[in-house]
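Dear colleague,

Here is the structure I said I would pass on. My notes on it follow below.

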Amino acid sequence: MPSKSKKKFKPVQFDKNSQPKIRLSIKLILWVWILILVAFFLCYIILANFTDTFIVTKNKKSHSNNQTVAEEQSESNQTSGNVNPVPQSANKQGSSYLSNCTFAGDAILGGLENSGVSKNHIKCGPSFILTNIENSGLTVTDKNLYLMLGYTEIGEQASDALLSKYSTVLSKIKENCPNTNIYIMALPPVADNNTTVLNSAIDDFNSKLLATANAQGVYYIDTNTILKSNSGSISSDYYDADGLTSKAYDKIVDYILSHTAE
């Protein structure tokens, strides 16, 4: 048999010219890293400047908003540092305080005459309801003016219309009597069986009166809560078929003397 020839395997030789021409070098790597670091640094500087500007602008807006709120609160509470409703005084006034007060408003105020208030200091009745005072104005000479307005009209007119008249009346009084302390008296509650107006409507009106007092820079005293029973209507001690009882008027006067701004 013919002998098989043995094939000789030659090692593969690579042509030097066929190898990649671009070789990695330490210098090239260093330059790449330097360029990357420079790029990151530039991005950081740009972003930092933009963020700082954004933060400063945002802080300025926040400060401006806070300042606006503070100014609005300051403007809405122009009662010589007193908080409305007027809190209980450190020292209760004596009955002589009433001689320097005028009480004006609905006929309901007439009962104060039996609780220590002189008739000469009470201006009440049809001539002193909101609608008439708005047209004619009101001027007083006493140092303090207490207003209870809207009680006979709240069941006949919308509360917003009454409040608009109230604001007009206050503005005129402040103009005519710049040195007079003005107190808005909260409307008293009514009995549960009252068909003319509900206590919920009176409470809503009183809360708006409080806001009006703050906006106008006058005082507000809560002569409503002191007459309420646990049910939210007027207590049986303070109301009968004829209206407010003498106990109710005594309670109101006592509250006035113990809740003064000065």
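In H5, the buried residues are Ala248, Tyr249, Ile252, Val253, Tyr255, Ile256 and Leu257, where buried means under 20% relative accessible area, exposed over 50% and partly exposed in between (1.4 Å probe, protein chains only). Please note that this is a predicted model, in which local features need pLDDT of at least 70 and side-chain atom pairs count only at pLDDT 80 or more, while totals for chains, interfaces and linings use all residues. Residues are numbered from 1 along each chain as its sequence is written, and side-chain values use heavy atoms, with hydrogens and water left out.

Helix H5 covers residues 246-257; its 12 residues should span 16 Å at 1.5 Å a residue, and its end C-alpha atoms are 17 Å apart, which agrees. The expected span is 1.5 Å times one less than the number of residues. Helices (H or I, at least four residues) and strands (E, at least two) are DSSP runs, numbered from the N terminus.

The buried residues of H5 pack against S1, S3, strand S4 (181-185), strand S5 (219-221) and strand S7 (243-244). Contact here means heavy atoms within 4.5 Å.

**Aromatic rings**

Three aromatic pairs turn up in a search of the whole structure. One of them, Phe103 with Tyr146, is stacked, at 5.1 Å centre to centre and 20° between the planes. Rings of Phe, Tyr and Trp (its six-membered ring) pair if their centres lie within 6.5 Å; planes under 30 degrees apart count as stacked, over 60 as edge-to-face and the rest as tilted. Phe103 sits in strand S1 (residues 101-105) and Tyr146 in strand S3 (residues 144-148), 43 residues apart, so the pair links distant parts of the chain. Both Phe103 and Tyr146 are buried. Ring pairs join Phe103, Tyr146, Tyr183 and Tyr219 into a cluster.

**Lys228**

Where is Lys228? Lys228 lies in the loop between S5 and strand S6 (239-240). Lys228 is partly exposed, with a relative accessible area of 26%. Between Lys228 and Pro189 there are 39 residues in sequence and 6.5 Å in space, C-alpha to C-alpha. Leaving aside residues up to four places away in sequence, Lys228 touches Pro189, Asp203, Ser233, Ile234 and Ser235.

Regards
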